[in-house]
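Here is a short briefing for a first look. Start with the structure below, then read the points by topic.

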Amino acid sequence: VQLQASGGGLVQPGESLGLSCAASGSIFRINNMGWYRQPPGKQRELVAVITSGGVTNYVNFAKGRFAISRDNAKNMVYLQMNSLKLEDSAVYYCYAEVSRSSRDRTKGYWGQGTQVTVSS
């Protein structure tokens, strides 16, 4: 199973950016999907998570500015980020809980990370 994130880049404060992540490989079912980020010199932190049924949960800094969504048919998860701030600069990682068959346990997989830089 591979997760491929894309969409990072350089934006100015107040602008928007959308991230995408595609899961591929031997996938039977994907449960939760999410986005994490790792700011420079800091630990990786949760941004948002979405269940297979579309229930979302955000950490405080993401509420009202970020929106997570997914397309179950395409095995994709998205993160729309609005009103970006300097402190949103980080490497953003997608995450998915995947079972590869009806008999397999769910296992967590990470994307490779995509850089988001917010700078004036």
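Which residue lies over the face of tryptophan 110? Arginine 44 does, at 4.6 Å from the ring centre. This is a predicted model: local features need pLDDT of at least 70, side-chain atom pairs count only at pLDDT 80 or more, and totals for chains, interfaces and linings use all residues. Residues are numbered from 1 along each chain as its sequence is written, and side-chain values use heavy atoms, with hydrogens and water left out.

**Disulfide**
- The whole structure holds one disulfide (a pair of cysteine sulfur atoms within 2.5 Å).
- Cysteine 21 and cysteine 94 form it, with sulfur atoms 2.0 Å apart.
- Cysteine 21 lies in strand E3 (residues 17–24) and cysteine 94 in strand E9 (residues 90–99), so the bond ties together parts 73 residues apart in sequence.
- Strands are DSSP runs of at least two residues, numbered from the N terminus.
- The S-S torsion is about 55°, so the disulfide is right-handed.
- Cysteine 21 is buried, at 0% relative accessibility.
- Buried means under 20% relative accessible area, exposed over 50%, partly exposed in between (1.4 Å probe, protein chains only).

**Aromatic rings**
- Rings of Phe, Tyr and Trp (its six-membered ring) pair if their centres lie within 6.5 Å; planes under 30 degrees apart are stacked, over 60 edge-to-face, the rest tilted.
- The count is four aromatic pairs.
- Tyrosine 36 and tryptophan 110 are edge-to-face, 4.9 Å centre to centre, with 65° between the planes.
- Tyr36, Tyr95 and Trp110 form one aromatic cluster.

**Charge over a ring**
- The charged end of arginine 37 sits over the ring of phenylalanine 61, 3.7 Å from its centre.
- The rule asks for NZ of Lys or CZ of Arg within 6 Å of the ring centre and within 35 degrees of the ring normal.

Terms used
Helices (H or I, at least four residues) and strands (E, at least two) are DSSP runs, numbered from the N terminus.
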